[in-house]
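Please look over the structure below before reading on, and keep it in view while you work through the points. The briefing begins with a few lead sentences and then moves through its topics one by one.

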Amino acid sequence: FLYARIDFTPPHTIPENGFIVPKQYDSRGKTDSKVTVWNRMPAGWEVAKHTEALIEQVIKRFSFGTNCIVLAGGKAYQTC
């Protein structure tokens, strides 16, 4: 599999706010406009399915310029 963000942010890009999830993002209110921007999924792409290997080998090793990565099913996982 190949993993990427929709905007092709390189895997080793550090999140704008560092590795601490912004306080204004509480996973319910989503008050930070930076975390509520929606993008269309490119044709042929799919949201990655949850596997322990994906979490260990991709999400915990790369940040993709974001604090959390959402997998199929809607659960978010904090990046490295």
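This is a predicted model: local features need pLDDT of at least 70, side-chain atom pairs count only at pLDDT 80 or more; totals for chains, interfaces and linings use all residues.

Leaving aside the neighbours within four places of it in sequence, Leu 54 is in contact with Tyr 3, Ala 48, Lys 49, Ile 59 and Leu 71.

- Phe 64 counts as buried because its relative accessible area is 5%, and buried means under 20%.

- Phe 64 has a positive phi of about 55°, although it is not a glycine.
- Phe 8 is not a glycine either, and it has a positive phi of about 60°.
- Is Phe 8 buried or exposed? Phe 8 is exposed, because its relative accessibility is 57% and the exposed class begins over 50%.
- Phe 8 is placed in the segment before α1, the helix that covers 52-59.

**A nonpolar patch on the surface**

- Phe 8 is also one of the residues of a nonpolar patch on the surface, which Ile 6, Phe 8, Met 41, Trp 45 and Val 47 form, with about 440 Å² of accessible area together.

**Salt bridges**

- How many salt bridges does the structure hold? There are three salt bridges in the structure, and each is described below.
- Arg 5 forms a salt bridge with Asp 7, and the closest N and O atoms of this pair are 2.7 Å apart; Arg 5 is partly exposed at 26% relative accessibility, and Asp 7 is likewise partly exposed, at 46%.
- Glu 46 and Lys 49 meet through their side chains in a salt bridge, with 3.1 Å from N to O; here Glu 46 counts as exposed at 57% relative accessibility, and Lys 49 counts as exposed at 54%.
- Glu 56 and Lys 60 are joined by a salt bridge between their side chains, with 2.9 Å from N to O; Glu 56 is partly exposed at 41% relative accessibility, and Lys 60 is partly exposed with a relative accessible area of 47%.

**Cysteines and disulfides**

- A disulfide is a covalent bond between the sulfur atoms of two cysteines.
- The structure holds zero disulfides.
- Cys 68 counts as partly exposed, at 26% relative accessibility.
- Cys 80 is partly exposed as well, with a relative accessible area of 41%.

Terms used. Residues are numbered from 1 along each chain as its sequence is written. Side-chain values use heavy atoms; hydrogens and water are left out. Patches are made of residues with over 30% relative accessible area and no salt bridge: like charges are joined within 9 Å, nonpolar side chains (Val, Leu, Ile, Met, Phe, Trp, Tyr) within 5 Å. Accessible areas come from the Shrake-Rupley method with a 1.4 Å probe; for residues, only the protein chains shown count as cover. A salt bridge is a side-chain nitrogen of Lys or Arg within 4 Å of a carboxyl oxygen of Asp or Glu. Helices (H or I, at least four residues) and strands (E, at least two) are DSSP runs, numbered from the N terminus. A disulfide is a pair of cysteine sulfur atoms within 2.5 Å. Buried means under 20% relative accessible area, exposed over 50%, partly exposed in between (1.4 Å probe, protein chains only). Contact means heavy atoms within 4.5 Å.
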